[in-house]
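Reader: I would like a close look at a single part of this model, with its surroundings sketched first. Please keep it brisk, and give the numbers.

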Amino acid sequence: MKEKEKQFSFSTDVEKTQIQKAASLLNQQVVSLNDIYKRHGELRKMSDRHDPIERHFHVQQQQFLNVRNYYDRVRALEHEIKQNERESR
């Protein structure tokens, strides 16, 4: 152990950082293809639950925009009518 500490103490700061990064990677769990498939399935389930909500939200948002466009058009027509009435007097 002392020999390893001695070797580590002679390393540069960059080497120490790289050694620490490598050591942390070695302690991590290896991810298998089954782990990836499992996580993909979990994400798919989450997505399936949110899709109907998102679709409903987009429909409501589009309806709101349609109503807003309708009121904007009504307001523009009212303004045009008042302007025509003023000009005709």
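Author: Start with burial. Of the 89 residues of the protein chain, 1% count as buried. The accessible surface of the chain comes to about 9000 Å². Carbon and sulfur atoms account for 56% of that surface.

The model is predicted, so confidence comes next. The mean pLDDT of the protein chain is 81. In all, 83% of its residues reach 70 or more. Among the elements, helix H1 (residues 2-9) has the lowest mean pLDDT, at 61. H3 has the highest, at 88. Where pLDDT is low, the predicted coordinates should not be read in detail.

First, its setting. The protein chain has 3 helices and 0 strands. Read along the sequence, the pattern is α-α-α.

Now the helix itself. H3 covers residues 33-88. That makes 56 residues. From its first C-alpha to its last, H3 reaches 78 Å. At 1.5 Å a residue, 82 Å would be expected, and the span in the model is close to that. H3 also has a kink. The kink is about 30° and lies at His 50. The proline Pro 52 follows shortly after His 50.

Next, the surface. Leu 33, Ile 36 and Tyr 37 make a nonpolar surface patch of about 340 Å². Take Tyr 37, which is found in H3. Is Tyr 37 buried or exposed? Tyr 37 is exposed, because its relative accessible area is 53% and the cut-off for exposed is over 50%.

Then the charges. Side chains of opposite charge can pair when their charged atoms come close. The count comes to 2 salt bridges.

One joins the side chains of Arg 39 and Glu 42, at 3.0 Å from N to O. Both residues lie in H3. They are 3 residues apart, about one turn of the helix. How accessible are the partners? Arg 39 has 44% relative accessibility, so it counts as partly exposed. Glu 42 is partly exposed as well, with a relative accessible area of 34%.

Another salt bridge links Asp 72 with Arg 75. Here the closest N and O atoms are 3.5 Å apart. The cut-off for a salt bridge is within 4 Å, which is why this pair counts. Asp 72 and Arg 75 both lie in H3 too, 3 residues apart, again about one turn of the helix. Asp 72 counts as partly exposed, at 34% relative accessibility. Arg 75 is at 51%, so it counts as exposed.

To recap, H3 has a kink at His 50. H3 holds the pair Arg 39 and Glu 42 and the pair Asp 72 and Arg 75.

Notes:
Residues are numbered from 1 along each chain as its sequence is written. This is a predicted model: local features need pLDDT of at least 70, side-chain atom pairs count only at pLDDT 80 or more; totals for chains, interfaces and linings use all residues. Side-chain values use heavy atoms; hydrogens and water are left out. Patches are made of residues with over 30% relative accessible area and no salt bridge: like charges are joined within 9 Å, nonpolar side chains (Val, Leu, Ile, Met, Phe, Trp, Tyr) within 5 Å. Accessible areas come from the Shrake-Rupley method with a 1.4 Å probe; for residues, only the protein chains shown count as cover. Helices (H or I, at least four residues) and strands (E, at least two) are DSSP runs, numbered from the N terminus. Buried means under 20% relative accessible area, exposed over 50%, partly exposed in between (1.4 Å probe, protein chains only). pLDDT is the predictor's confidence in each residue, from 0 to 100. The expected span of a helix is 1.5 Å times one less than its number of residues. The bend at a residue is the angle between axes fitted to the seven residues ending there and the seven starting there.
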